[in-house]
Each structure stands twice: as C-alpha cells, then as structure tokens.
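Trainee: I would like to go through this model with you, one question at a time. Shall we put it on the screen?

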Amino acid sequence: MALTLALVAAIGVIWFAERSLERLNLAIAGLCFSAAVLLFVVDDFGRAILLSSIVAAAISGASWVKYNYSGLKLIVTDLPLAFAGTVPFLVAQYPIAVAVVVSGGLALVLAAIVALHMPGWPVTPEFQIVLLGTALAGLVAAYKAGGGAISYQRIATERRCFYSTFIASLLDPRSWRRFGGLSLSDIADDPLPLLPAIPARAFDYPDIIVIQHESVFDPRVYGLPVEPDVEAFLSPKNGLYGSLNVDIFGGGSWQSEFSLLTGLSSASFGSNAYFLFKRGVGRFHSSLPQALTALGYRTSLASSCRRDFLNYDNFYRSIGIGERLFTDDFPAPFDAKRFEATNSDALFLEAAIDAHAKGIAADAAPRFLYALTNFNHGPHNRRLTAPGRVDDRVRAFATASLDDPYYTEYYARLAETAVTWNGLKSALSNHFPERPMLIVHYGDHQPVVTRQIEAKLQLPADARRQFRTFYAIEVLNYPADRLVSGRSRNLDVAFLGTVALQQAGLPLDEIFATRASLIEHCGDSYFASSSERKCRFHRTLVQLGVIELEPAARQPY
C-alpha cells in the first residue's frame, strides 16, 4: 500500500512539474536518481520514492514561483541569489507570495516527516549500489538524449518543464565552474573579422539623452487601449518607435541597463547576469559611454537610487560614465526623502534635466545623459500619482479597459509619466533652441502585474510576450530629414545603443559597425538568436580583450 501511494504521488508530482511530454524522460530519470540516493538514508523503496517526490515538488513549486515573478524557471545557479539580498527584497515587495511559499515549504516538511515514519521494506546495500549506478546511467543518457543544457535554455521562458530544467542545470558543467571569472554561453571557437569603421553622417553632434522608464510596457501588447497622451509617449508621431525585447521580467533593471550600454545580453553570462554590476567592474572595454567619450562627449548618469545601491557608482565609472549623480547628490530644492515616498518622475526628471542644463552651461561640449527612473516600480497596490497631475478620468479609462485595480494604478502612473515627459520636452526645446538633441526612452522590463492581465484577458500562451516593452527615439532642434519617423523594426535592448548612434549620425568604430551588421542576423532577440556571426563576434571581443573573462585580468577600480 505504501509503495503504491508513493508511486501515485510520484506520477502526480512529475505531471505537475512538467506539464508536457517533451522532457518527461529527464524528469523521471531525475526523480529515480534522487530516490536511489535517498535509498541510502531510508533503506526502502516506498519512502525513498515518496521523499524524492517531495523534493521534486519543492523544486518545481519554487521554480513556478520564480517563473511568475521573473519569467524564467529555477536553475541550480539561482540558489546563491538567496544569499545575495534577494530574499529581503522579495519579502518587502511581495509579502503574500512569500507567505504562500513559506506555508508550502512547511507543508512539504510535514509531509517528509510523515513519510519518514511510514513502514517500509529494507533493501540490501549491494542492491542500493546497483540501483544508484543504474539510475545515474539513466540520468546521463536522458540528459544527452534531450540535447543537454542548451536545449533547456531554449525553453527557459516557457511555462513547462520546471523540474527537468532544474535537473538539466544541475548536470550542466558550466553550473559548477568557479565564481572568480565570467563565462559566455553563446561564444564560438573562431573569431569574426571586424567590419571597417563607419564615418559620421553629420558634422554637428547632438546631445543624447537616454531615459530608462522603470517597469513600463505598452498596454497594447496585451490588446489594451491607450489614450492620445500615452500613445504619443509610446509611439511619438515625429519619432521612431517599436517593440523592445529585454532579458528580464518583473525586476533586475540593471540587466537592461547593462545590455543597452555594452551591446551585450546579460543572459549570455548565465547566473552571473544578476551580479554583473559587481563582478563585471573593469571587464568591459567597449561601451556606449566610452564610444561617446572618444567623440568628445561629456557623459553623465542620473539615477533615482541612492549612491550605495548595488555597486552602481563603481560599475558606471568602469564603463566610462564621467559624472554620476544619485538621489542623495541632487541639490535643493530636491529632497531625497520626499522623492522616495513616491519615486515621482516629475520630481526626479526635473532634477536630472536641471543637472544636465548646468553641465551645458559649464561646458558647451556635446553631452550624454543616462537617466534611470523608478516611478512605475511595483507593487501597484497603492496610489502614487500626485493629485492634480492625473485626474479620475484617466483611472476610469483604465478601469473600463480592464477591471483590475493594479492595472489601473499602473496606467495612471504611465499617464503621469507621459504628461511629465511632454512638459520636459518643451522645456528642453525652449531652453536650448540651438542645441540638437536626440532622446531615447524605453521600458526596462514588464512588472508582475502583467501576470494578472494575462489571466483576466485569458490570452493564449506566448513565452516572448512577457519580455516585450517599448522604445521611442525623438529629436529636438533637428533637421527634418535627419530622423526617419514612424514605426520601426522590433529591437533587442542590446542593439538600442547602436541604433541611437546611427540615428544621431555619429561615426561607428569597428566594434559598433560590426554589431550594427548583426541586427539583420539576430532579429529582435539577441540572446535567443542562434546566429553564428553573433557567437563569433563574442569570440572576437574576448580575444581583443574588450571582454575580460578571467579573474586575473581584472583592473582595479
């Protein structure tokens, strides 16, 4: 009876974990191997299978939670993140989800205690060894038959195969490399010859302002309507715009920042993607700020976080940002504590543009400003929009589109951002009528509120939809023929910096020229692309020392 119960539990757990027949062999092999290992602890089949099923349920449940909040499944190299400050962040941001996880964990612990006290039938040590060897051979065979870790990376964003994906990462040799250096997952053995540099198309270099809008996506991705002000923000009539593919969902904004500025996908660095602002300091020697500095630009960062956030100051210094301003640096009347109550774009962007204007007054050289907002950061369970900036009509419009209070709050904040940006654009044009400017703004990732949108609208499954935001490029004081307006191609965030240089008419060095040529090969997804040219390009960057992977090669900063 106990053995029958254990087998039924195992079948149920595997089906819950996989939800697909495609990778079932590795999931079963993983559970069998786990049971063979546990057999050395409990000495009988029934309890070993039951305990291995509980372990598989715990892994799959954790993976399901991670998928809901990040768009990616759990892998073994995620485990160190629990000791890197993510747990306190999750508790603060998503207390209900954390409570559910803790409750589920306690339930599984109780189930394991009950299983340990169930009667069983002892198995001889000799048979245990034979069974372990057989299970290990079956596990390796299933792993190889499924195509190894690469095949599981291709379905990392799909809502299935939770347990088998974790098992595949456990068997991937790259998961066990030492943490001292970095490694690229999409790199070829042979380098790609770099293309010749491309000369400038214009003699007057424009100021370039790039604004990253926290957790902003285009509601039309989900079939939801937008009002004219929001439409003009997302799809400016006289600008260039399109859909933007990013590597992240729900959080990790710095990964989008990394991709835009270095022209690389953070996902290429596997588990180190989360740590690139710490482990990547001094390792990347071709970036958008460095290229602009070589052209005579003054480069600056305006961050809506404090200076001690996530090693931002050191990383941005290392990739060529000359001046770095954080909320605890802005002069009065800006008040960091007042700002942090709402993270208002109106307060922050006004301070950022003021600092930008003072820089122009002190030095007339062309300037690059990278501004990082935080207004639409989740959770969306409290009202943040300032009274008078967004009226009740906007909220009524959002509620009529989708009766969900979290979406209503998201849309209200988006509407306020659109109003703020429209005012700042007018101010820039009026204050600097003789300075041409190119402005890029984009969304870094979708917030977790889109999970509720998908569920309420009952949309068909689309693994890539959760990674789509927007980008828009506008110009001020520009000749009409310098920027082609209208909807453009869908882009990956790793190409957005290169496209900005192209639209500004600036020269491209050999690396940026070669990266520009990859747009046709990679399409709108840089990391997911199977382009051989991209992989060879990465080898070239490593061989040239543009990317330093080995720990001994790091330079102090």
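Trainee: In which strand is the place of Glu 323?

Mentor: This is a predicted model, where local features need pLDDT of at least 70, side-chain atom pairs count only at pLDDT 80 or more, and totals for chains, interfaces and linings use all residues. Residues are numbered from 1 along each chain as its sequence is written, and side-chain values use heavy atoms, with hydrogens and water left out. Helices (H or I, at least four residues) and strands (E, at least two) are DSSP runs numbered from the N terminus. On that basis, Glu 323 belongs to strand E4.

Trainee: Is Glu 323 buried, partly exposed or exposed?

Mentor: Buried means under 20% relative accessible area and exposed over 50%, with partly exposed in between (1.4 Å probe, protein chains only). The relative accessibility of Glu 323 is 37%, so the residue counts as partly exposed.

Trainee: Which residues does Glu 323 touch, not counting residues up to four places away in sequence?

Mentor: Contact means heavy atoms within 4.5 Å. With residues up to four places away in sequence not counted, Glu 323 touches Thr 299, Ser 300, Leu 301 and Arg 367.

Trainee: How many bridges join strand E3 to E5?

Mentor: Two strands pair if DSSP finds at least two bridges between them. Strand E3 covers residues 298-303 and runs parallel to E5. Within this pairing, Leu 301 has Tyr 370 of E5 as its bridge partner. The number of bridges joining E3 to E5 is six.

Trainee: And what is the bridge partner of Ile 211 in E5?

Mentor: Strand E1 (residues 207-213) is also parallel to E5, with five bridges joining them. The partner of Ile 211 in E5 is Ala 371.

Trainee: How many residues of E5 are buried?

Mentor: Strand E5 spans residues 367-372 and is mostly covered. Arg 367, Leu 369 and Ala 371 point one way, Phe 368, Tyr 370 and Leu 372 point the other way, and all are buried. The count for E5 is six of six.

Trainee: What is omega for the cis peptide bond from Ala 332 to Pro 333?

Mentor: Pro 333 is placed in the loop between strand E4 (323-325) and H14. For the cis bond from Ala 332 to Pro 333, omega is near 15°.

Trainee: What is phi of Asn 343?

Mentor: Asn 343 lies in the loop between H14 and H15, and counts as buried because its relative accessibility is 16%. Most residues other than glycine have a negative phi. Asn 343 has a positive phi, near 55°.

Trainee: Is Gln 458 buried or exposed?

Mentor: Gln 458 also has a positive phi, of about 50°, although it is not a glycine. Its place is the loop between helix H18 (449-457) and strand E7 (468-476). With 70% relative accessibility, Gln 458 counts as exposed.

Trainee: Which residues is Ser 344 in contact with, leaving aside its neighbours within four places in sequence?

Mentor: Ser 344 is in the loop between helix H14 (336-340) and helix H15 (345-362), and counts as buried because its relative accessibility is 7%. A polar atom of its side chain lies 3.4 Å from the backbone nitrogen of Leu 347. Apart from neighbours within four places in sequence, Ser 344 is in contact with Phe 339, Phe 375 and Glu 416.

Trainee: How far apart are the end C-alpha atoms of helix H17?

Mentor: The expected span of a helix is 1.5 Å times one less than its number of residues. H17 has 27 residues (405-431), so it should span 39 Å. The model agrees, with its end C-alpha atoms apart by 39 Å.

Trainee: What radius of gyration does the chain have?

Mentor: The radius of gyration is taken over C-alpha atoms, and the globule rule is 2.2 Å times the number of residues to the power 0.38. For 557 residues, a compact globule would have a value near 24 Å. The chain agrees with this, at 26 Å.

Conventions:
Polar contact = N/O pair within 3.5 Å; in protein donor to acceptor, adjacent residues only side chain to side chain.
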